[in-house]
Amino acid sequence: MTTTGVAQVDGIRLHYTRAGDGPLVVLLHGWPQTGHCWRHVIEPLAAEFTVVAPDLRGYGLSDKPAGGYDKRRMAADMAGLVDALGFGRAAVVGHDRGARVAHRWGLDRPDQVGKVAVLDIVPTREMFRRLDASVAAGYWHWLFHLQPDLPERLVGHDVRGYLEYFFERWTYNRHGLPAEAVDVYVRAFGRPGALRAGFDDYRAHEHDLALDDEDAAAGRRLTMPVLALWGSVGLPARLPSEEIWRQYADDVTAAEIPECGHFIAEERPEALLAHLREFLRR
């Protein structure tokens, strides 16, 4: 049975969906989505695990405070949520922005994070280091979202049109995501503060990059098993993603999902489940 709840963590309320029993698996969504993106994988995973899919700080039904969108703080939110739910350890699966939170969480709290799966990203530090014309063309939205105030003003006039652009362009079949899912995300980003919070997630890049550079200089890497997956037409497919992740983690399993774009959990949930089950059962 799938239930929903709200936990108070460090002064903010975090909304989550929960199902199953057993070892904890936390599913972290990205932009422009919410925990709803995991709807096809929660119950299948719940046959073996306790599965929790929160809305990150600033997203969905979670609070949207004025600050705290650096990945260290967002990872601390998730650590607090795990504590509040009575668990000492978790496997973490992150997609897009959620994978950046998962990466930071694993670096900061290796005693709490047993495994990390990162979907359709390379580390933030590598994305900026490799920002040539090809990468910039794919990640142009980062540069737009970083600007103060302007994205809210322009996107606020047509939230649906802006989000649908990504749901079409970033999917393999170019049909976009199902209308039901798009409606959920459009409503989520139409709530007060939601656009600003989502863009603030990107605007935290200077803090995030400083922490990443500090870890790289100190030789800190992910020490737990890491699964890196990307879609065959996703943006990381343009990069040597497996090679990159091996520079940031000690134990990496990597694979490309065929006929898949960015939204792996919604485009190819069965393929994702096959990879996750094998990874999580080890």
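Trainee: Quick one first. Which residues count as nonpolar, charged or polar?
Mentor: Ala, Val, Leu, Ile, Met, Phe, Trp, Tyr, Cys and Pro are nonpolar; Asp, Glu, Lys and Arg are charged; the others, Gly among them, are polar.

Trainee: And what kind of model is this?
Mentor: Predicted: local features need pLDDT of at least 70, side-chain atom pairs count only at pLDDT 80 or more, and totals for chains, interfaces and linings use all residues. Residues are numbered from 1 along each chain as its sequence is written, and side-chain values use heavy atoms, with hydrogens and water left out.

Trainee: How many cavities of 30 Å³ or more?
Mentor: The structure has 2 of that size. A cavity is a set of points, on a 1 Å grid over the protein atoms alone, where a 1.4 Å probe fits but cannot get out; lining residues have an atom within 4 Å of a point. Points join across faces, edges and corners, and volume is the space filled by probe spheres set on them.

Trainee: What volume has the largest one?
Mentor: About 100 Å³. Its lining includes Lys 71, Arg 72, Arg 100, His 103, Arg 104, Asp 208 and Asp 212. By class, that lining has 6 charged, 4 nonpolar and 2 polar residues.

Trainee: Which element gives the most to that lining?
Mentor: α3, with 4 residues. Helices here are DSSP runs (H or I, at least four residues), numbered from the N terminus.

Trainee: Now the second largest cavity. What lines it?
Mentor: Gln 33, Cys 37, Trp 38, His 95, Phe 263, Ile 264, Ala 265 and Glu 266. The volume of this second largest cavity is about 30 Å³. Helix α13 (residues 264-267) supplies the largest share of the lining, 3 residues.

Technical notes:
1 Å grid on protein atoms, 1.4 Å probe; cavity = no way out; pocket = protein on both sides within 12 Å on 5 of 7 lines; lining within 4 Å. Helix = DSSP H or I, 4+ residues; strand = E, 2+ residues; numbered from the N terminus.
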